[in-house]
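Open the structure in a viewer that can select residues by number. The tour goes from one selection to the next and says what is there.

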Amino acid sequence: MNKYIVLVLLILLGCNEKGIPVSYQDSCNLENDDKVLEVQGYLSDGGSLYCSSTSGRYECGFEFKNSLEDKENYSANIAVGTGSNEVEELKSGYTSADIKVHDDTNAIVSLSEKVKITGKIHAYKDDTSPEPDKVHCYIKVTKIVKGTP
């Protein structure tokens, strides 16, 4: 019985994960590597989504941008599922209208809505890229809040 109480408490604590609030412009830098951040911006499918379980959880990589019009972005990896803070699994040949991202209240988030995401960011340089000094990032999303909180 005590095992189940501890498990429920751990799950509830994970849902209320707090991050360090940072602006989008300050989020993707080497100093933030492996930190849990809260960042506001917009999710986009960028024309297609890549979903895989290579990181240990089945997730889809969305473009995360400061504004809808921005070209600059980094990946926001969201777990696949039907619960809070997840994206529903997509079938082959999906359209943007088929994408259903759930926020922390399990409500559906439109890709045109501003969100605040919380998660651990990973920042790195890629010596093999054409821009070896550019910092690249991805964030493993654990919480999504709809609107501008």
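**An aromatic cluster and the strand behind it**

Tyr24, Phe64 and Tyr74 form one aromatic cluster. The model is predicted, so local features need pLDDT of at least 70 and side-chain atom pairs count only at pLDDT 80 or more, while totals for chains, interfaces and linings use all residues. Residues are numbered from 1 along each chain as its sequence is written, and side-chain values use heavy atoms, with hydrogens and water left out.

Rings of Phe, Tyr and Trp (its six-membered ring) pair if their centres lie within 6.5 Å; planes under 30 degrees apart count as stacked, over 60 as edge-to-face and the rest as tilted. By this rule there are three aromatic pairs.

Select Tyr24 and Phe64 first. Their pair is tilted, at 5.7 Å centre to centre with 50° between the planes. Tyr24 sits in helix α2 (residues 24–27) and Phe64 in strand β4, 40 residues apart, so this pair links distant parts of the chain. Helices (H or I, at least four residues) and strands (E, at least two) are DSSP runs, numbered from the N terminus.

Is Phe64 buried or exposed? Buried means under 20% relative accessible area, exposed over 50%, and partly exposed in between (1.4 Å probe, protein chains only). Phe64 is buried, with a relative accessible area of 0%. Tyr24 also counts as buried, at 12%.

Tyr74 belongs to strand β5, and 50 residues separate it from Tyr24 in helix α2. At 5% relative accessibility, Tyr74 is buried.

Next, select residues 59–65, which are strand β4. Five of its seven residues are buried, so β4 is largely enclosed by the rest of the structure.

Which strands pair with β4? Two strands pair if DSSP finds at least two bridges between them.

- Strand β2 (residues 36–44) pairs with β4 in the antiparallel sense over three bridges. Select Tyr42 to find Lys65 of β4 opposite.
- Strand β3 (residues 50–52) runs antiparallel to β4 and is joined to β4 by three bridges. Tyr50 has Gly61 in β4 as its bridge partner.
- Strand β5 (residues 74–79) is antiparallel to β4, with six bridges.

Finish at the turn between β3 and β4. These strands form a hairpin with six residues between them, and Gly56 in the turn has a positive phi of about 105°.
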